Amino acid sequence: SAAGSNIARQLSTDSVSSLNSLSSACSLSSAAHTTDADKKKKRGWLRSSFNKAFSRTKKNRTGSVSDAEDSKGMSSDLSAPSSPLLGTAHHINGDEHGNLDSQPSSVGYDRDAVVDELRKQLREKDLVLTDIRLEALSSAHQLESLKDTVIKMRNEMLNLKQDNERLQRIVTSKSLTSSQSSLPLNEVERRFSMGDAITPGTDERTSLFAEDPDGKRVLVSVYLGSHGSYHKYVEEGAATCPIAAISVSGKTKWDMLDAMVRRAFKDYCERLDPLSSLGGLGVDCIWSYHIGEVVRYKDSNLPDLLPCGYLVGETCNITVCLKGALHNGSVDALVFETLIPKSIVQRYISLLNDHRRIILCGPSGTGKSYLANKLAEFLVLRAGKDSTAEAIATFNVDHKSNKELRGYLTHVAEQCEHNASELPSVIILDGLQHAAEVFTGLLSAKHATCPYIIGTMNQATCATTNLQLHHNFRWVLCANHMEPVKGLLARCLTRRLVETECRAGMRDSDLMRVVDWLPRVWHHLNQFLETHSSSDVTIGPRLFLACPMDVAGSQVWFTDLWNYSVVPYLLEAVREGLQLYGCRAPWDDPTIYICQTYPWIGEAVHGGSDALIRLRPEDVGYDTTERDGGGVGSSIKSLSSTQSDTDADPLLNMLMRLQEAANYSSPHGTEPSRSDDPGIESTI
């Protein structure tokens with residue numbers, strides 16, 4: 001029936017036994033599987049713990065069943081026939097043998113699926129664990145970087161804290177008061193140092209003194225005079241030379257002011273002569289400085305008030321006295337006044353002390369007469385006398401005064417034997433080239449009581465040798481190519497520039513460029529004259545000392561000087577040189593160099609460089625001399641033509657010098673017409 005057909009058939013004894021055997025086999029396989037799992041668990045207990053932890057978390061998030069439910073399902077599938085799952089899973093829908101044959105394959109299929117699922121979960125958990133480890137390593141690296149950054153910041157904070165504490169100690173220090181002195185002193189050192197050039201792109205006019213709102217601008221000046229006595233300077237109304245402008249405030253103490261004055265003087269000397277600082281002129285040369293009624297020496301006691309207490313009313317100057325002739329015969333004040341290096345001045349004084357007679361020989365305009373007067377003043381002041389006309393006798397020698405000078409020297413020789421106290425201390429003979437025989441038979445003996453004799457001569461002749469051999473004169477060369485004349489123009493112009501800057505309180509780079517340019521032009525012109533003539537016709541620095549200390553005025557002055565004084569002199573000197581020595585070098589117009597290095601920038605004044613007259617070779621007979629075939633000039637030219645573009649041969653140079661000496665060997669020989677022109681002679 002239909003009801004009977006639906007009744008399930010009971011299992012037979014054989015079927016039960018077969019099921020038991022199958023169940024035992026599955027149990028054995030499950031036990032073996034569990035043993036292997038335990039071994040794996042023992043080998044990788046750390047991985048199992050991570051797997052279990054992340055398995056629970058992941059399954060709870062995805063809503064999957066737990067491990068206990070999985071094991072329960074597995075055990076249900078492999079349980080005895082009495083299990084409810086077994087009865088419900090296996091219905092008798094057909095043949096008995098067909099149901100029994102399909103059961104083992106179903107169990108194997110479920111086991112493989114479970115293993116694949118577990119492996120898949122294990123791979124997923126391994127990937128998650130790897131990501132976590134990478135994140136942990138990255139976090140650790142970032143932590144180490146943050147620690148290093150924190151340590152660096154902490155060290156920087158400690159350094160800043162120490163610097164802040166040190167600055168606070170400096171500010172609050174009452175003994176050193178370094179903070180107050182650092183501002184003005186550093187400004188003086190910075191603004192007056194030679195190494196501080198005005199760089200392009202900065203303000204062309206910068207302040208020369210400290211911008212201290214509480215300070216007073218004070219001008220530091222040095223007295224000009226070789227004696228070194230403050231009272232004499234005041235009585236004579238001696239001139240002063242400004243060297244610096246400083247700022248003195250109510251916090252400036254005397255030790256600070258001493259350092260500022262010394263530093264200003266040192267920087268001034270270095271600016272005048274960057275190479276040797278005037279032969280070693282330094283802060284030891286300062287004897288005293290005066291501010292109001294106070295005199296400050298090197299080791300003097302401190303006044304009652306601070307420096308600002310004496311800078312009241314119109315008192316805004318500090319005057320400095322250098323060591324001079326009254327301080328054991330020091331030459332420091334003389335060096336500062338004449339701007340001649342100290343070693344050279346000492347050599348001149350030594351020659352006068354030993355021989356009492358010197359001759360300053362050199363081209364016109366090199367400062368021989370000025371130097372002779374300054375040396376005479378020093379000798380008189382060192383002897384304790386005043387530099388008056390009675391103490392210093394000066395003669396301007398020329399052809400007409402030879403007889404009078406010879407009579408005067410004869411009288412001096414007689415007085416030296418009987419009454420030397422009535423004689424002058426120093427005799428200056430200016431222009432001895434016009435009186436070669438004036439010393440014949442006179443002053444041949446050495447007299448310790450005879451006056452000092454200082455002569456000047458524009459060129460070396462045989463009379464110089466005669467004076468050296470027979471009258472004990474010592475010859476001193478004052479040439480434009482050697483010190484002290486070589487750097488004299490640059491030092492004098494720099495002194496005037498500093499004076500202008502100090503009085504204006506500003507530094508002018510345009511004017512500084514002109515002052516640096518003029519000495520280079522002067523040397524270039526002298527090289528041009530030596531090339532086409534001789535060193536005896538070179539131009540002295542006196543011609544360029546009158547340069548105005550303003551930019552526009554200096555441009556107009558140079559244009560007039562070049563067109564109306566320099567060019568006529570160059571044409572005449574080169575024309576005579578070509579006639580005497582011939583063409584020795586290619587023609588090079590010095591105007592080209594002047595135009596290429598023209599220092600005035602901006603709108604041209606008085607025509608600018610275009611207004612300068614050019615020197616053409618036909619104006620001096622250059623082409624005509626080259627075409628001549630005879631004469632001394634052409635013979636010398638033939639010797640030197642092969643080396644016109646290279647360095648001259650030493651033997652040829654010697655021959656040239658001998659030829660030049662031969663032209664001036666006779667004291668009675670006629671001199672070039674250039675020397676007889678009083679206008680050019682007085683100018684050049």
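**Salt bridges, helix by helix**

E377 is partly exposed, with a relative accessible area of 25%. Here buried means under 20% relative accessible area, exposed means over 50%, and partly exposed lies in between (1.4 Å probe, protein chains only). The model is predicted: local features need pLDDT of at least 70, side-chain atom pairs count only at pLDDT 80 or more, and totals for chains, interfaces and linings use all residues. Residues are numbered from 1 along each chain as its sequence is written, and side-chain values use heavy atoms, leaving out hydrogens and water.

E377 pairs with K374 in a salt bridge, 3.8 Å from N to O. The term means a side-chain nitrogen of Lys or Arg within 4 Å of a carboxyl oxygen of Asp or Glu. K374 has 13% relative accessibility, so this residue counts as buried. Both partners sit in helix 13 (residues 368-382); they are three residues apart, so about one helical turn separates them. Helices are DSSP runs (H or I, at least four residues) and strands likewise (E, at least two), numbered from the N terminus.

The whole structure holds 13 salt bridges. One of them joins E501 to R271, with the closest N and O atoms 3.2 Å apart. This pair links distant parts of the chain: E501 belongs to helix 16 (residues 488-504) and R271 to helix 9 (residues 254-272), 230 residues apart. E501 and R271 are both buried.

K342 and D332 also form a salt bridge, at 2.9 Å from N to O. K342 is in helix 12 (residues 342-355) and D332 in helix 11 (residues 332-338), so the contact ties together parts 10 residues apart in sequence. K342 is buried at 19% relative accessible area. D332 is buried at 5%.
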